[in-house]
Amino acid sequence: MDLADWGQQVETMLEVIAEGQQKTWESWQGAISALVPDNTDNEGGVDRSGEPSETPLPGASAAAAMAGVAESFFAGYNTMLAMFDLPAMTPSPAKPKSGAAGAEDLPGAITDAGRLFQQQMMLFPPWAAGQHLLQLLGLSLQEIQKLQRESFQKLAEPWHGVGKSGQAPDLDADQSALMKFSGRYWDTFERTFVRLLETPSAGYTRDFEQRSIRSSKAWFEFRSASFDYLLLLGEAGRQALVEFTSELVSMGSQGKTITSLKELLREWTKVADRVMIRTFSSERYARAQGRLLNAAMTYRLEERAAADSILKMSHLPARSEVDGLGREITALRRQLRAVQDGQSPRTATNAKSKPQAASTGKKAKPKSAKE
Amino acid sequence: MQFPIDIDPAAALGELVELNQKIVNGMETLSRTRQEDITPGVTPKEEVWRRDNVVLYRYPSPANKSSDVSVLIVYALVNRPYMVDLQEDRSLVQELLNLGVDVYLIDWGYPGPSDRWLTLDDYINGYIDDCVDFLRSSTDRESVNLLGICQGGTFSLCYSALHPDKVRNLITMVTPVDFHSWDGLLNVWAQHVDPDLMVEAMGNIPGEFLNFGFLMLKPFQLGLRKYVDLIDRLDDEKHLMNFLRMENWIYDSPDQAGEAYRQFAKDFYIGNKLIKGEVVIGGRPVDLAQVKMPLLNLYADHDHLVPPGSSIALKDYAGTSDYTAQAFPVGHIGMYVSGKVQRELPPTIASWLENRA
């Protein structure tokens with residue numbers, strides 16, 4: 001099969017399609033016309049264009065008119081169906097070659113058909129252009145992958161620094177290497193992933209994305225603060241162990257001994273509490289605790305904002321709305337109290353007041369002469 | 001030099017066996033104990049006034065006692081006030097009644113979500129003022145005696161400065177005045193906390209949250225050793241009941257109304273504005289120099305919550321010429337429950353009041 005055959009087949013297909021469409025349209029046009037009532041009552045009626053009608057419109061009974069409509073529709077429908085038979089009109093692919101014994105070599109036939117198809121596709125101008133486009137796309141993909149690798153390397157490089165410069169914790173240092181490592185870890189986290197999160201957002205989800213970013217940052221800060229706080233407690237525990245050991249050594253040098261488990265626990269508690277209180281009294285601990293508490297509250301606020309959004313979408317009262325109600329109630333209570341006490345609503349000053357009966361149990365008595 | 005740990009394995013095992021025996025005996029005692037057995041408040045009382053969650057109680061005098069002296073106890077918001085009437089032999093209220101003092105007590109109740117907006121003005125110029133007015137009316141007196149405990153003492157100081165004409169005598173007990181006394185851990189920790197953020201996030205500050213902070217002041221003693229020591233005395237029913245009542249009180253902490261907490265934390269703990277004269281309540285500044293009535297300042301030498309220095313500072317700022325201070329060699333809680341203090345404290349208060357009646 002060559003190109004000329006292909007061209008002839010396509011032409012045949014197009015002719016059949018055009019003919020089918022024309023017949024379909026003519027049938028339906030006839031059906032539509034049959035539905036239009038006959039406006040001519042006299043001979044030589046006037047058609048819709050206003051010209052004398054040479055052929056009077058069918059003015060048969062309604063039943064005959066409907067039958068005619070139905071017939072026309074079905075004729076058009078059949079024509080459409082005939083168009084779907086076009087694939088049957090195209091020549092079928094070459095029949096499978098017969099082998100020496102006359103048996104069919106189906107795999108070979110499929111391979112030959114595929115190769116033939118590919119050759120013809122390459123000759124067909126649009127497909128040839130596509131192949132060229134594909135080559136260009138391949139080159140672009142390689143370029144894109146190269147760019148992605150470079151970008152990822154930029155993202156990953158700071159993390160190499162965290163791992164390389166980390167050392168085994170030096171337990172004798174004032175601020176343990178573990179805490180320094182923790183600091184480097186969170187700094188790098190902030191310089192890489194958190195910065196990605198801070199890219200501006202747009203569109204309908206902009207507000208949601210901004211809120212998610214705030215929640216994520218609050219969570220990161222909370223985790224960082226928790227980690228540092230726990231490290232501090234761990235350091236205090238380690239120091240307690242060191243001092244307890246020192247205490248035992250001191251006891252030993254004085255010839256004193258611990259002879260019961262209870263006494264051992266008492267000694268440990270005494271030392272541990274002493275170390276803990278010393279740690280807790282330090283500025284460093286107070287800052288870490290304050291940072292943890294504030295980070296937890298900030299994260300809680302973000303959680304609540306998210307929960308409020310969901311509650312509002314579900315038509316349920318949100319925390320902020322309940323708080324507002326509480327505020328109103330308290331204000332009303334103050335006003336009620338002022339009314340019951342015969343005063344103006346409490347705002348600022350409070351002059352000396354005489355004993356007055358409250359609404360519940362107070363008794364009004366004349367001023368006593370006693371001091 | 002001798003190795004310091006010389007625990008004989010057999011003796012250690014014997015110790016464990018003895019411990020288990022005590023636990024078993026203690027379980028027997030516990031199984032006979034019901035919640036109502038440790039219900040706090042042993043002295044009969046009657047409700048004489050109420051507004052919102054706040055109730056004013058009066059403890060009737062014993063039949064054979066008559067009294068010209070009464071006192072209104074103003075307790076802190078952070079714990080329940082029945083600590084002053086914990087049990088038969090640990091009741092400041094009962095001792096004062098026995099000494100002829102009429103006792104009234106403000107019960108703040110348990111703040112709910114709608115109380116989140118209560119301010120210090122509501123508590124001091126509202127509820128305390130209402131109770132004082134009721135007392136003035138019911139006792140037919142122009143002024144009353146106030147006994148403020150811990151934060152209640154701070155409130156009483158503020159009230160006395162704002163309404164000096166209504167307070168005859170003022171007693172402050174383990175009351176913080178100088179909040180920048182740095183030997184108190186709470187004072188140190190408070191400097192790095194953001195009360196605005198806490199109140200915005202939580203509304204009312206949960207009682208459990210504050211409790212945890214108090215326990216962290218002595219984590220091993222209050223979190224571990226206390227319970228280990230308990231096992232040692234589980235078979236002592238009286239000691240066990242006392243312990244259970246204390247535990248009941250420790251963990252029965254009300255939430256703190258958000259706005260009141262905010263102002264107290266910011267103005268008192270962080271700003272230390274009380275001694276600077278910068279606290280404003282109800283639009284009026286609180287000037288401790290206006291506290292000119294007789295003043296008795298009681299404090300604990302080993303108080304880890306309100307360090308002695310924080311209470312003693314009152315002497316330098318109060319405007320009274322009749323100032324008396326007395327220390328007791330106990331901790332913060334010991335002021336209410338120590339047997340020794342129970343023998344000395346009520347007579348100190350009663351005699352001081354009677355001399356100024």
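In the predicted model, B:Asp52 forms a salt bridge with A:Arg333, the closest N and O atoms lying 3.7 Å apart; a salt bridge is a side-chain nitrogen of Lys or Arg within 4 Å of a carboxyl oxygen of Asp or Glu. Across the interface of chain A and chain B, four salt bridges are found, together with 18 residue pairs in polar contact, both residues at pLDDT 80 or more. A polar contact is a pair of N or O atoms within 3.5 Å; within protein, one must be able to donate a hydrogen and the other to accept it, and residues adjacent in sequence count only if both atoms are side-chain atoms. On the side of chain A that touches chain B, two or more residues each are given by α7 (206–253), α8 (261–280), α9 (283–313) and α10 (319–340). The largest share of that side, 13 residues, comes from α9(A). Helices are DSSP runs (H or I, at least four residues), numbered from the N terminus.

The contact (heavy atoms within 4.5 Å) takes 69 residues from chain A and 66 residues from chain B. About 6000 Å² is buried between the two chains, 56% of it on carbon and sulfur atoms; buried area is the accessible area (1.4 Å probe) that two parts lose on being put together, summed over both.

Residues are numbered from 1 along each chain as its sequence is written, and chains are lettered from A in the order in which they are written. In this predicted model, local features need pLDDT of at least 70, side-chain atom pairs count only at pLDDT 80 or more, and totals for chains, interfaces and linings use all residues, while side-chain values use heavy atoms, with hydrogens and water left out.
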